[in-house]
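Please consult the sequence and the model shown below alongside the text.

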Amino acid sequence: YDLSNNKVSGEVKITVPDTPAKPDVPTNPSKPTTPVTFSDVPNNANTEWYYTAVTELAGAGIINGYEDGTFRPANEVTYGQALKLIMMAAGYEDLSGTGSNWAKGFLDKALEDGLLSQTVNLDRKITRSAIAEIAYKALKLDKPTIASPFYDSTEESALALYETGIITGEERSGKLMFFGSYSITRREMAVIIWRMNNYMLNKG
């Protein structure tokens with residue numbers, strides 16, 4: 001299933017490492033790995049495409065829900081939230097602070113390392129294109145070697161993430177779409193971060 005719960009087909013490549021698998025907690029090994037469930041993320045046919053990502057990341061302490069026991073999967077993600085999740089999944093330390101904006105440390109580091117070309121409003125909703133660009137640079141992915149599978153995009157970052165299986169696009173009227181100018185929801189972001197973590201673990 002893609003990020004919009006549409007069925008997609010294709011080839012799946014599974015790599016078996018020669019060394020024992022590392023625990024799936026790349027940002028903080030001391031955190032528990034028991035999946036954490038939320039009242040608004042039941043395990044059913046409508047949520048199965050993101051249920052594992054949300055509950056496993058929550059169990060590892062990588063993402064959090066709200067005090068009322070909900071995850072609010074349809075809520076949109078901000079630049080600050082995305083920077084923290086992407087950069088920590090890529091191996092950066094936790095740069096959260098208590099200054100004018102809790103995510104300013106991530107912003108400063110992203111600018112320093114070239115993940116962003118200019119400063120941004122950390123409380124603004126982030127686009128899919130921005131997420132792809134930040135993740136592409138943070139993971140230091142190779143340039144893509146495939147022609148664009150997307151009807152609406154030839155962005156290098158999107159192609160690289162597609163080639164590694166981190167994003168899959170959305171099928172609309174028989175066409176695979178990236179929708180780069182669209183915002184992203186918490187459930188979609190959880191799936192991307194979960195896939196990034198798996199990519200980093202397999203990378204070794």
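The buried residues of α2 pack against α3 (104-112), α4 and α6, where contact means heavy atoms within 4.5 Å. Helices (H or I, at least four residues) and strands (E, at least two) are DSSP runs, numbered from the N terminus. This is a predicted model, in which local features need pLDDT of at least 70 and side-chain atom pairs count only at pLDDT 80 or more, while totals for chains, interfaces and linings use all residues. Residues are numbered from 1 along each chain as its sequence is written, and side-chain values use heavy atoms, with hydrogens and water left out.

**Overall architecture**

- The protein has six helices and two strands, arranged along the sequence in the pattern α-α-α-α-α-β-β-α.
- Of the 204 residues, 41% count as buried; buried means under 20% relative accessible area, exposed over 50%, and partly exposed in between (1.4 Å probe, protein chains only).
- The accessible surface comes to about 11,200 Å², of which 48% belongs to carbon and sulfur atoms; the areas come from the Shrake-Rupley method with a 1.4 Å probe, and for residues only the protein chains shown count as cover.
- Among contacts between residues at least 6 apart in sequence, 63% join residues at least 24 apart.

**Helix α2**

- Helix α2 is mostly covered, as nine of its eleven residues are buried.
- These buried residues are Tyr79, Gly80, Ala82, Leu83, Leu85, Ile86, Met87, Met88 and Ala89.
- Just after α2, glycine 91 adopts a positive phi of about 110 degrees.

**Helix α4**

- Helix α4 (residues 128-138) is likewise mostly covered, with nine of its eleven residues buried.
- Its buried set consists of Arg128, Ser129, Ala130, Ile131, Ala132, Ile134, Ala135, Tyr136 and Ala138.
- The cover over these residues includes α2 (79-89), α5 (156-163), β1 (170-172) and α6 (186-203).
- Serine 129 lies in α4 and counts as buried because its relative accessibility is 18%.
- Not counting residues up to four places away in sequence, serine 129 touches Glu155, Phe178, Gly180 and Ser181.
- Just after α4, lysine 140 has a positive phi of about 55 degrees.

**Packing of α1 on α6**

- Two packed helices are described by the angle between their axes and the distance between the axes.
- Helix α1 (residues 48-59) and α6 pack at an angle of about 70 degrees, with their axes 8 Å apart. The angle makes α1 roughly perpendicular to α6.
- Axes are lines fitted to C-alpha atoms, for helices over the stretch in contact, and angles run from 0 to 180 degrees between N-to-C directions. Angles under 35 degrees count as roughly parallel, over 145 as roughly antiparallel, 65 to 115 as roughly perpendicular and the rest as oblique.
- On the α1 side, Trp49, Tyr50, Thr52, Ala53, Val54, Glu56 and Leu57 meet Arg187, Glu188, Ala190, Val191, Ile193, Trp194 and Asn197 of α6.
- The residues of this contact divide into nine nonpolar, two polar and three charged; Ala, Val, Leu, Ile, Met, Phe, Trp, Tyr, Cys and Pro count as nonpolar, Asp, Glu, Lys and Arg as charged, and the others, Gly among them, as polar.

**Glycine 65**

- Glycine 65 is found in the loop between α1 and α2 and is partly exposed, with a relative accessible area of 32%.
- Apart from neighbours within four places in sequence, glycine 65 is in contact with Phe38, Thr70, Phe71 and Arg186.
- Glycine 65 and threonine 37 are 28 residues apart in sequence and 9.3 Å apart in space, C-alpha to C-alpha.
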